[in-house]
Amino acid sequence: ERPPVTWHPGQLGAPFRNAQRALQECRRGAGAGPMKATLYVDTEGKPLAVGVSVSDEKGERAAPCVVEALKGLTYPSPGSYAAKATVSID
């Protein structure tokens, strides 16, 4: 099986841009520091998996909110192969 294509955050398109406020609210609501999320997007633009890394203990409380916000979106199709993108949530 071929590894996913690497995407930069801009390639996640309008769905990701529109989710920025919700992601920041997830982080701020928990009082968490900076976070990173890694998404795997299938060929139809649906999230296969979302993982979150946190910089502090409060981030653990924010992580489920971030995962749900990102999993609920449909992204542009990456083409014939899945894509992987890592984004910062500051």
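A residue counts as buried when its relative accessible area is under 20%, as exposed when that area is over 50%, and as partly exposed in between. The model under study is a predicted one.

**Exercise 1. Determine whether the end-to-end distance of helix α3 agrees with its number of residues, and describe how its buried residues are arranged.**

Solution. 
1. Helix α3 covers residues 59-71, which makes 13 residues.
2. The expected span is 1.5 Å times one less than the number of residues. For α3 this gives 18 Å, and because the end C-alpha atoms are 18 Å apart, the two values agree.
3. The buried residues of α3 are Gly 59, Ala 62, Ala 63, Val 66, Val 67 and Leu 70.
4. Viewed along the axis of α3, these buried residues fall within an arc of 145°, and therefore they line one face of the helix.
5. The face turned away from the buried side holds the exposed residues Arg 61 and Glu 68.
6. Packing partners of the buried residues of α3 are α1 (13-18), α2 (20-30), β2 (35-41), β3 (47-54) and β4 (83-89).

**Exercise 2. Carry out the corresponding analysis for helix α2, and state what follows the helix.**

Solution. 
1. In α2, Leu 23, Cys 26, Arg 27 and Ala 30 are buried.
2. The arc that they cover around the axis is only 90°, so they lie on the same side of α2.
3. Exposed residues on the face turned away from that buried side are Arg 21, Glu 25, Arg 28 and Gly 29.
4. The buried residues of α2 pack against α1, β2, α3 and β4.
5. Gly 31 follows α2 and has a positive phi, near 70°.

**Exercise 3. Arg 27 is a buried residue; identify what surrounds its side chain.**

Solution. 
1. Arg 27 belongs to helix α2.
2. Arg 27 has no salt bridge: Asp 90, the nearest side chain of opposite charge, is 6.1 Å away, whereas a salt bridge requires a distance within 4 Å.
3. A polar atom of the Arg 27 side chain does, however, lie 3.1 Å from the backbone oxygen of Asp 90.
4. Apart from neighbours within four places in sequence, Arg 27 is in contact with residues including Ala 62, Ile 89 and Asp 90.

**Exercise 4. Locate the salt bridge of the structure, and examine the surroundings of Asp 42.**

Solution. 
1. The whole structure contains one salt bridge.
2. Its partners are Lys 46 and Glu 44, whose closest N and O atoms are 3.4 Å apart.
3. Lys 46 is partly exposed because its relative accessibility is 41%. Glu 44 has a relative accessible area of 55% and is therefore exposed.
4. Asp 42 is located in the loop between β2 and β3.
5. Although buried, Asp 42 has no salt bridge, and Lys 46, its nearest side chain of opposite charge, is 6.0 Å away.
6. The side chain of Asp 42 instead reaches the backbone nitrogen of Glu 44 at 2.9 Å.
7. Beyond neighbours within four places in sequence, Asp 42 is in contact with Leu 48, Pro 78 and Ala 82.

**Exercise 5. Is Ala 85 buried or exposed, and with which residues is it in contact?**

Solution. 
1. Ala 85 is part of strand β4.
2. The relative accessible area of Ala 85 is 3%, so the residue is buried.
3. Ala 85 and Leu 39 are 46 residues apart in sequence, yet their C-alpha atoms are 5.3 Å apart in space.
4. With neighbours within four places in sequence left aside, Ala 85 is in contact with Trp 7, Leu 12, Ala 37, Thr 38 and Leu 39.

Technical notes: Residues are numbered from 1 along each chain as its sequence is written. This is a predicted model: local features need pLDDT of at least 70, side-chain atom pairs count only at pLDDT 80 or more; totals for chains, interfaces and linings use all residues. Side-chain values use heavy atoms; hydrogens and water are left out. Helices (H or I, at least four residues) and strands (E, at least two) are DSSP runs, numbered from the N terminus. Buried means under 20% relative accessible area, exposed over 50%, partly exposed in between (1.4 Å probe, protein chains only). The arc is that of the directions from the helix axis to the C-beta atoms. Contact means heavy atoms within 4.5 Å. Lys and Arg count as positive and Asp and Glu as negative; His and the chain ends are not counted. A polar contact is a pair of N or O atoms within 3.5 Å; within protein, one must be able to donate a hydrogen and the other to accept it, and residues adjacent in sequence count only if both atoms are side-chain atoms.
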